[in-house]
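Welcome, and please open your viewer. Let's walk through this chain together, one selection at a time.

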Amino acid sequence: MHAKNRLPGSGHNTPSPPASPLRSPRYRHSRSSKGGRFTPFQPGRTLAHRLAWLLLSVLLRRQGIFLFAPLIYISGMLLYMGTVSFDGAPIITHRPAPGSVYRSPQLYAKLRPEMDADNSSADAISTIWKNSYKGGQWRPCVNKSSGGLPESNGYIYVEANGGLNQQRTSICNAVAVAGYLNATLVIPNFHYHSIWRDPSKFKDIYDEEYFVHTLENDVRVVNKIPGYVMERFDHNLSNVYNFRVKAWSSVQYYKDAVLPKLLEEKLIRISPFANRLSFDAPPPVQRLRCMANYEALRFSSPILTLGETLVARMKERSANSGGKYVSVHLRFEEDMVAFSCCVFDGGEQEKEDMKAARERGWKGKFTKPGRVIRPGAIRINGKCPLTPLEVGLMLRGMGFDNSTYIYLASGKIYDAERTMAPLFEMFPNMQTKEMLTSPEELAPFKNFSSRMAAIDYTVCLHSEVFVTTQGGNFPHFLMGHRRYLYGGHSKTIRPDKRKLALLFDNPNVGWKNFKRQMLSIRSHSDSKGFELKRPNDSIYTFPCPDCMCRTNKSEEKRSASAT
């Protein structure tokens, strides 16, 4: 029996030849009524098209479509490109990834004419803090003990490491641990650090006598270990058992692990000690932390005297604003810029400086095999320190005009002559401790980074507005201390640095839009002025409610009528 032709509409009932390989439907229907022969050439087609169809039909007959499809595609593209004139080809420009280029100088140049012409700003320094806590203000309420202390379980000697405020953390935590274990605290020893390079002792920075006296009914504090105790250890501290306490250890750990050894040895050493006590602690421990930080720690007389002198000079200069001034903590020192791994506009010189600074301060940390540093991603993530220019732009956008008096708290700014110039252009009344003092006044503190930081701390503490630009222990302690002094409100501007990074990276933003965004950040800082401590928050940043009590409306009225 012969197979019949299966092609529809062919008009033939004759036996078909043996089955051939399957073909595309396009070609199956291309047999003509005259003998059913395949005719790849259609009238009106160009020679190039006919050759292409011929090649395609041959390949299809040989079932090589899957093998030769890439070759066909590439050949077609080459043929197509051959018909295009390269003289008129579009130029494709590469746009750098967001944040990979420091664009703030270009933005400043664009916005400056409108910024200087803008007279719409209200008096920002007098109107900035509008938010109030709906339950009333807060007041300090750290209660001191009045009774005597039981017999001591032994002596605790700690080494406080880090800079000024990391050492402050160690001191306050040591007071809390000593009180909890009913131990006698030896005045903490300040560990010399290669970064801060400050050999200052406790009494050089804090009023030691005042510290001991304030705590006398709560924690015993002595300035040295008695000789009869040291005899047991051959008068050598290295023979004293040293606890290596994990960071953020609970008070239960101290009770279970440290106290038995203390009772046995009568003297223990804990080194290092910063951040070795959990922030989530019972009220008696928190009370001791509050007392140490806000009541017992007072700067030494030389530091306090000069600091208060600078506060008075800032208030005198800003008399037209009611003695109110802005303080800014600027972190743009060489070590901070180097550690951030961000790239700015200093070119090859900056690149070499930062490379040397990283190797000098953190040898090998940034050159480990496999470590990838992405400056653009760091900037967009809000991790780059704000430059002096960016701080100026932000404050002008927030409504502070060029007559505002600003106190600048900082170390030695990297490439200061170049990087500080735009900030002084925007705020010609800006002051530093070097500008407010004579060389003779500053000489006793000049070569001691912690003492210089303590002077900055004092001036910032009493400003109407405090601006933090990078985080760290300095602003965190200041925010808490300002809350303690100013009814629970930190009076601090904490910018959203991710939002700032996107704005500074946008060359098309106009002054009105930029200003609106800055006022939004300012308003958000005001609303976050009152914040209560959550379990794992720092009590040194959030003193409410552990160190402060709420003042209700009736109490406020009584105090107002009394005055």
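Start with the whole chain in view: of its contacts (heavy atoms within 4.5 Å) with a separation of 6 or more, 78% are between residues 24 or more positions apart. Before you click further, note that this is a predicted model, in which local features need pLDDT of at least 70 and side-chain atom pairs count only at pLDDT 80 or more, while totals for chains, interfaces and linings use all residues. Residues are numbered from 1 along each chain as its sequence is written, and side-chain values use heavy atoms, with hydrogens and water left out.

Now switch to cartoon. You will find 25 helices and 13 strands, which are DSSP runs (H or I, at least four residues, for helices; E, at least two, for strands) numbered from the N terminus. Of the 563 residues in the chain, 44% are buried; buried means under 20% relative accessible area, exposed over 50%, and partly exposed in between, with a 1.4 Å probe and protein chains only.

**Stop one: the cores**

Select Ile156, Leu181, Tyr206, Phe211, Tyr254 and Tyr407. These residues have the most contacts inside the largest nonpolar core, which has 77 residues. Such a core is a set of buried Ala, Val, Leu, Ile, Met, Phe, Trp, Tyr and Cys residues joined through side-chain atoms within 4.5 Å. Apart from this core lies another, of 51 residues; to find it, select Val328, Cys342, Leu408 and Met518, which are among its members.

**Stop two: the salt bridges**

The structure holds 19 salt bridges, each a side-chain nitrogen of Lys or Arg within 4 Å of a carboxyl oxygen of Asp or Glu. Lys515 counts as buried, at 12% relative accessibility.

Next, pick Asp204 and Arg451, whose side chains form a salt bridge of 3.6 Å, N to O. This pair links distant parts of the chain, 247 residues apart: Asp204 is in helix α7 (residues 202–205) and Arg451 in helix α21 (residues 449–461).

Move on to Glu333 and Arg331, which meet in a salt bridge of 2.9 Å, N to O. Glu333 is buried, with a relative accessible area of 10%.
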